[in-house]
Structures are given as C-alpha cells and as structure tokens.
Amino acid sequence: MITRLKVSNFKSHKDTELRLCNLTLLTGINGCGKTSVLQALLLLRQSYKKNRLMQGLDLNNPLVAIGIGDEALSQFAETGEMGFTLDIDGETLAFHYDVTNALKASFIPASHYSENITDEHLKKMSLFNNGFQYISALRWGGRSNFPKDTYTVETEGQMSNEKGQCEFIGNFLHHFSSKKTFNYQSGNEEQPVSLLDQVIYWEQLISPGVYLRVEPSADSTSFNVIYDFLATGNAKPVKNLRAENIGFGISYTLPVITALVYAERGSLLMIENPEAHLHPDGQVELARLMALAAQRGVQLIVETHSDHIINGVLKACLDAERGNRGIDKDNVSIYYFGGKDSHNVSLFEEVKVMEGGQLEYQPKGFFDQLEQYQDYLNSYYQHG
C-alpha cells in the first residue's frame with residue numbers, strides 16, 4: 001500500500017506531501033490540484049506500462065495526457081527538476097526527472113532514481129501490476145454497447161485502455177461474471193458470491209428492482225449490458241432496456257461497483273467522482289461499499305465533490321467504532337484543496353476524522369453551503 005506521496009514541481013504542486021490511507025478522499029475547489037495528485041501516479045504507471053519508466057516519464061497516453069514538459073513543470077519552479085516520491089510497503093521510492101531540455105517534448109528524461117527501484121521490484125506493486133483500476137470522470141456511462149478487448153480484460157484484468165473510461169466494462173463483466181468475490185453483503189469470508197450477483201445486489205440498493213445481464217453481440221465483437229426492472233408491489237416488470245433508457249446513475253455507477261467487488265486485498269483503485277448522477281441515498285450506499293472494501297485491504301484514492309460521500313464514510317467510521325461493519329477512522333484520510341497562493345501553488349489541509357464519526361474541524365468552504373444558506377436566511381428575516 002502507498003502510505004505517502006510527495007509531488008515536487010508538478011503543475012500546481014511545488015512541494016505537496018500527502019499521507020495516504022486505505023481510503024483517501026480528495027475534495028475541494030475546482031482547479032486546485034486534486035486531479036493532479038491522481039495524474040502524478042498515473043504518469044508513473046503509464047510510463048512503466050510502456051516500458052519507459054527507467055528511462056524517463058512519458059506524458060501522454062493511454063492513461064493521461066499532460067502535453068509537453070512546459071505544461072507539466074510548475075510555472076514557478078526554482079529548478080527544472082520534477083519529482084515523485086512514494087512510500088510503498090515500508091520502502092521509499094523516488095523518481096526524479098529533468099525538464100530543463102524537454103520543455104517542448106512529451107518525454108522527460110530521468111535524472112535519478114532510488115537505488116532500490118528495479119523492474120522485478122515494481123512488478124510486485126499494485127500501482128504497476130494488474131491489481132489496479134482507474135475509473136475516471138470520463139467513464140462511458142449511459143450506453144449499453146461496449147467493445148471487446150480480450151487481452152486488456154482477460155490478461156491484464158483491466159476495464160480500460162484509454163483514460164479510465166471503462167470502455168470494456170461489458171466485456172469485463174461477461175468474462176468475470178462467475179468469479180467468486182468477497183461477500184460484502186454478509187462480510188463472511190467463507191461465503192463468497194459471484195461478481196455479477198454482487199454487482200446486481202449493490203445496484204439494487206441504488207435503484208430497487210433493477211437487474212442486469214451481459215450478452216455478446218451477434219458478431220461477438222462487443223457486449224451488450226441489458227437492464228430489467230423486476231416487479232415490486234403493484235408494478236409490472238419492465239424488461240430489455242438499454243442503458244440509454246434508464247437513469248444515468250445506474251450505468252455510471254456500474255464500473256465503480258464492479259471494480260470495488262472485484263478487487264483483491266492489496267489492490268489500488270483510483271476513482272474520480274463516484275457520485276456522478278447519483279441520488280444522495282445511492283451516494284451513501286456507494287460510500288459504504290468503498291469503506292468496506294478499504295477496511296478489507298483494498299486501497300482507494302477517491303476524488304469527490306460530494307458531501308454525501310464524505311458523510312457516508314464518516315457514518316462507516318462510526319459503525320466500526322460501535323463494533324459494526326465499517327472502517328476504522330485511522331484508515332481514512334481526507335484532504336481539502338481550498339485554493340492557490342500567489343505563485344499558483346496548491347493550498348491544502350488534512351481534515352482528520354475523530355471519534356464519533358466527527359471531523360476535527362471544518363475548513364471554510366468545506367461543504368458549508370447549507371450553513372451559509374442558513375446564515376443568509378437568518379440575516380434576511382432579521383434585517384429584511
């Protein structure tokens with residue numbers, strides 16, 4: 001597991017250092033450095049998967065596209081060196097790159113690395129091996145037809161090739177539908193359930209009565225995700241619906257739920273905006289699943305703009321404190337990115353989780369719109 005990440009002279013991060021836990025939540029104002037934290041890790045994986053990491057950093061494709069060195073290097077950097085340092089499983093790995101002569105290039109040569117970095121070493125780490133999934137805000141939602149890629153899915157265990165779009169989620173679900181996964185419903189290690197059954201279970205918590213299946217196309221070049229709504233109460237069942245004809249929340253959530261229940265202990269999931277298109281109740285249920293997976297040993301780094309996701313995680317902390325299934329507060333870190341200084345450097349702070357499922361304090365701007373609105377109403381009715 002990655003327990004510390006330091007980012008130097010990359011975009012708006014001059015000297016950013018984060019404590020990473022089983023579940024790390026990044027939140028805050030748009031354009032203040034949250035996504036760049038994810039991009040730092042994606043650049044390392046991207047370069048490694050292209051067999052170039054030991055020579056340098058490849059800025060573009062398939063996971064992320066930064067452009068050229070001038071766009072990657074912090075505009076107010078005092079040197080041309082950009083660096084990423086990770087503490088993984090008790091070891092420190094440092095990667096440094098010299099952008100000085102690569103400002104107009106998309107490949108930045110390495111200047112120096114930690115002596116303990118070897119290819120065999122990196123293969124054992126979830127950031128670089130198949131125990132990894134990236135689910136971006138650009139994921140394919142609202143569609144039912146997904147292309148086939150046997151190598152990406154069956155050999156590498158990935159739902160995506162391009163920028164975390166989860167373009168192979170149909171192929172992935174079809175291939176691993178019968179895979180036995182940890183039973184998050186009961187928490188019983190000795191009663192695993194199939195991947196597809198568990199995906200359906202969690203989708204039904206978000207949208208009661210929904211049922212899905214995956215079928216190959218007639219020419220076997222793609223996979224169709226088909227939805228049914230089972231009969232509940234006096235309602236009649238509705239069958240054979242394409243994703244285009246159901247709520248966006250169901251299809252956007254599909255790869256998130258799938259990745260969570262598929263992941264083994266020691267895996268690394270990076271997820272952007274898991275709350276997209278979800279009703280608050282659904283967001284809280286999704287936060288609970290994320291918390292349960294993280295407590296079990298799956299590492300999650302999540303970018304979110306939702307107070308419901310935050311509150312769902314805090315509720316899971318309180319559940320664990322009371323002896324129920326949830327997540328230990330010490331396994332959660334929350335960072336609020338609240339702006340930038342005069343040199344365009346990201347300003348951030350850790351908001352610690354305390355006993356009772358409470359936050360240590362609430363920074364100004366940290367999901368305080370309800371309080372601001374209440375203050376506005378009070379002032380309006382007092383003063384007119």
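**A walk through a predicted model**

N9 has a relative accessibility of 9%, so this residue counts as buried. Please bear in mind throughout that what we are viewing is a predicted model. N9 is part of strand β1.

D89 is placed in the loop between β5 and β6, the latter covering residues 91-98. Is D89 buried or exposed? With 54% relative accessibility, D89 counts as exposed.

One further remark on the backbone concerns a proline. N61 and P62 are joined by a cis peptide bond, with omega about 5°. You will find P62 in the loop that runs between β4 (56-58) and α2 (69-72).

Let me turn to charged pairs. How many salt bridges does the structure hold? There are 19 salt bridges in the structure. One of them pairs D87 with R4, and the closest N and O atoms are 2.9 Å apart. D87 itself counts as buried, because its relative accessibility is 17%, and buried means under 20%.

Another salt bridge links E215 and R213, with 3.2 Å between the closest N and O atoms. E215 is partly exposed, at a relative accessible area of 34%, and R213 also counts as partly exposed, at 21% relative accessibility.

A further salt bridge is formed by R242 and E244, whose closest N and O atoms are 3.3 Å apart. R242 is partly exposed, with a relative accessible area of 45%. E244, at 39% relative accessibility, counts as partly exposed as well. Salt bridges that share partners also join R4, E17 and D87 into one network.

What of a charged residue that is buried and has no salt bridge? D149 is such a residue, and the nearest side chain of opposite charge, that of K148, is 9.7 Å away. D149 sits in the loop between β9 (145-147) and α4 (150-155). Leaving out residues up to four places away in sequence, D149 touches N161, F168 and N171.

Beyond four places in sequence, Y184 touches several residues, among them Q198, W202, L260, L289 and R325. Q198 is itself in helix α6. At 0% relative accessibility, Q198 counts as buried. The contacts of Q198, again not counting residues up to four places away in sequence, are T181, F182, N183, Y184, Q185, V193 and V261.

Helix α6 brings us to a helix pair. Two packed helices are described by the angle between their axes and by the distance between those axes. Helix α6 (residues 195-206) packs with helix α8 (residues 280-296) at an angle of about 145°, and their axes are 8 Å apart. Which residues make the contact? From α6 they are W202, L205 and I206, and from α8 they are G282, E285, R288, L289 and L292. By type, the residues of this contact divide into 5 nonpolar, 1 polar and 2 charged.

My last stop is E355. Where is E355 placed? E355 is in the loop between β19 (353-354) and β20 (358-359). At 62% relative accessibility, E355 counts as exposed. Setting aside neighbours within four places in sequence, E355 is in contact with E321 and K329. From E355 to A94 the separation is 261 residues in sequence and 35 Å in space, C-alpha to C-alpha.

That concludes my presentation, and I thank you for your attention.

How values were computed
Residues are numbered from 1 along each chain as its sequence is written. This is a predicted model: local features need pLDDT of at least 70, side-chain atom pairs count only at pLDDT 80 or more; totals for chains, interfaces and linings use all residues. Side-chain values use heavy atoms; hydrogens and water are left out. Helices (H or I, at least four residues) and strands (E, at least two) are DSSP runs, numbered from the N terminus. Buried means under 20% relative accessible area, exposed over 50%, partly exposed in between (1.4 Å probe, protein chains only). Lys and Arg count as positive and Asp and Glu as negative; His and the chain ends are not counted. A salt bridge is a side-chain nitrogen of Lys or Arg within 4 Å of a carboxyl oxygen of Asp or Glu. Contact means heavy atoms within 4.5 Å. Axes are lines fitted to C-alpha atoms, for helices over the stretch in contact, and angles run from 0 to 180 degrees between N-to-C directions. Ala, Val, Leu, Ile, Met, Phe, Trp, Tyr, Cys and Pro count as nonpolar, Asp, Glu, Lys and Arg as charged, and the others, Gly among them, as polar.
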